[in-house]
Amino acid sequence: MDSTKTVCEEKMKKALVALKDEFGGVRTGRASPTLLDKIRVDYYGQKTPLAQVSTVSVPEARLIVIQPWDRALIGEIEKAIQKSELSLNPSNDGKVIRIAIPPLTEERRKELAKVAKGMAEQSRVQVRNIRRDGLEELKKHLAAGGVPEDAIKKEEDELQKLTDSYIAQIGKTLEEKEKEILEV
């Protein structure tokens, strides 16, 4: 029966990690290497993550510098960034690619905050669904017999506390991301 709680906790942890990864791709007014995590570059016929073919650094708050390990990739990297949904404009000097991160408009900041709220709500729903599945599992144990009802009740309470904890962590993560997005 302890395994039910452990399995649920693992799934909830994964939901929180997935949310943080998703938030990494939401553009803020600040430069961040995680902004480019989803960009794939055509490298000898393979779609390869940008981080596997170059060094991505942030020397200033509003500048990303990409240094490809193979200079022949500069054009491919530029194209991949321009095709992305990030609406960034890269420029290169033949050796490195520089991306100046323009400040976000107030309207765009509010849009991105709404997107982040939507992502957080999806994660909360995911956590609640994990709880529901865990409760169903506990009810199966009760129906099968051999497990006292008060032990099941105790497990249900612990599962609820676990759920509340992860919902609070999602809220805190969202709060931090909103603050980052709305920061001028």
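Colleague: Which residues have the most contacts inside the largest nonpolar core?
Modeller: Happy to start there, and keep in mind that this is a predicted model. The largest nonpolar core has 23 residues. Those with the most contacts inside this core are M12, F23, V127, Y166 and I170.

Colleague: Which element gives the largest share of this core?
Modeller: The elements that give two or more residues to the core are α1 (2-24), α3 (106-144) and α4. The largest share amounts to eight residues. That share comes from α4.

Colleague: What does Y166 touch, leaving out residues up to four places away in sequence?
Modeller: Y166 is one of the residues with the most contacts inside the largest core, and V127 is another. Leaving out residues up to four places away in sequence, the residues that Y166 touches are E9, M12, K13, L16 and V127.

Colleague: Are α3 and α4 roughly parallel or antiparallel to each other?
Modeller: These two helices pack with their axes 10 Å apart. The angle between them is about 170°, and angles over 145 degrees count as roughly antiparallel. Therefore α3 and α4 are roughly antiparallel.

Colleague: How many charged residues does the contact of α3 with α4 have?
Modeller: By class, this contact has 16 nonpolar residues and six polar ones. The charged residues in the contact of α3 with α4 number 12.

Colleague: Is T163 buried or exposed?
Modeller: T163 lies in helix α4, which spans residues 149-182. Not counting residues up to four places away in sequence, T163 touches M12, V127 and R131. Its relative accessible area is 1%, and the cut-off for buried is under 20%. So T163 is buried.

Colleague: And K177, buried or exposed?
Modeller: K177 is also a residue of helix α4. Not counting residues up to four places away in sequence, K177 touches F23, V26, T28 and A116. Because its relative accessibility is 8%, K177 counts as buried.

Colleague: How far apart in space are A15 and I130, C-alpha to C-alpha?
Modeller: A15 lies in helix α1 and is buried, with a relative accessible area of 1%. Not counting residues up to four places away in sequence, A15 touches S123, Q126 and V127. A15 and I130 are 115 residues apart in sequence, and their C-alpha separation in space is 9.7 Å.

Colleague: Over what arc do the buried residues of α2 fall, seen down its axis?
Modeller: Helix α2 covers residues 74-83, and its buried residues are I74, I77, E78, A80 and I81. They line one face of the helix, because seen down the axis of α2 they fall within an arc of 165°.

Colleague: What C-alpha distance separates E76 and V41?
Modeller: E76 is found in helix α2, and at 28% relative accessibility E76 counts as partly exposed. Not counting residues up to four places away in sequence, E76 touches V41 and D42. E76 and V41 are 35 residues apart along the chain, and their C-alpha atoms are separated by 6.3 Å.

Colleague: How far apart in space are S91 and E78, C-alpha to C-alpha?
Modeller: S91 has its place in strand β5, and at 43% relative accessibility S91 counts as partly exposed. Not counting residues up to four places away in sequence, S91 touches E78, V96, I97 and R98. S91 and E78 are 13 residues apart in sequence, with a C-alpha distance of 7.6 Å.

Colleague: What is the phi of Y44?
Modeller: Y44 lies in the loop between β1 and β2 (46-49). At 70% relative accessibility, Y44 counts as exposed. Although Y44 is not a glycine, its phi is positive, at about 50°.

Definitions and conventions:
Residues are numbered from 1 along each chain as its sequence is written. This is a predicted model: local features need pLDDT of at least 70, side-chain atom pairs count only at pLDDT 80 or more; totals for chains, interfaces and linings use all residues. Side-chain values use heavy atoms; hydrogens and water are left out. Helices (H or I, at least four residues) and strands (E, at least two) are DSSP runs, numbered from the N terminus. Buried means under 20% relative accessible area, exposed over 50%, partly exposed in between (1.4 Å probe, protein chains only). Contact means heavy atoms within 4.5 Å. The arc is that of the directions from the helix axis to the C-beta atoms. A nonpolar core is a set of buried Ala, Val, Leu, Ile, Met, Phe, Trp, Tyr and Cys residues joined through side-chain atoms within 4.5 Å. Axes are lines fitted to C-alpha atoms, for helices over the stretch in contact, and angles run from 0 to 180 degrees between N-to-C directions. Angles under 35 degrees count as roughly parallel, over 145 as roughly antiparallel, 65 to 115 as roughly perpendicular and the rest as oblique. Ala, Val, Leu, Ile, Met, Phe, Trp, Tyr, Cys and Pro count as nonpolar, Asp, Glu, Lys and Arg as charged, and the others, Gly among them, as polar.
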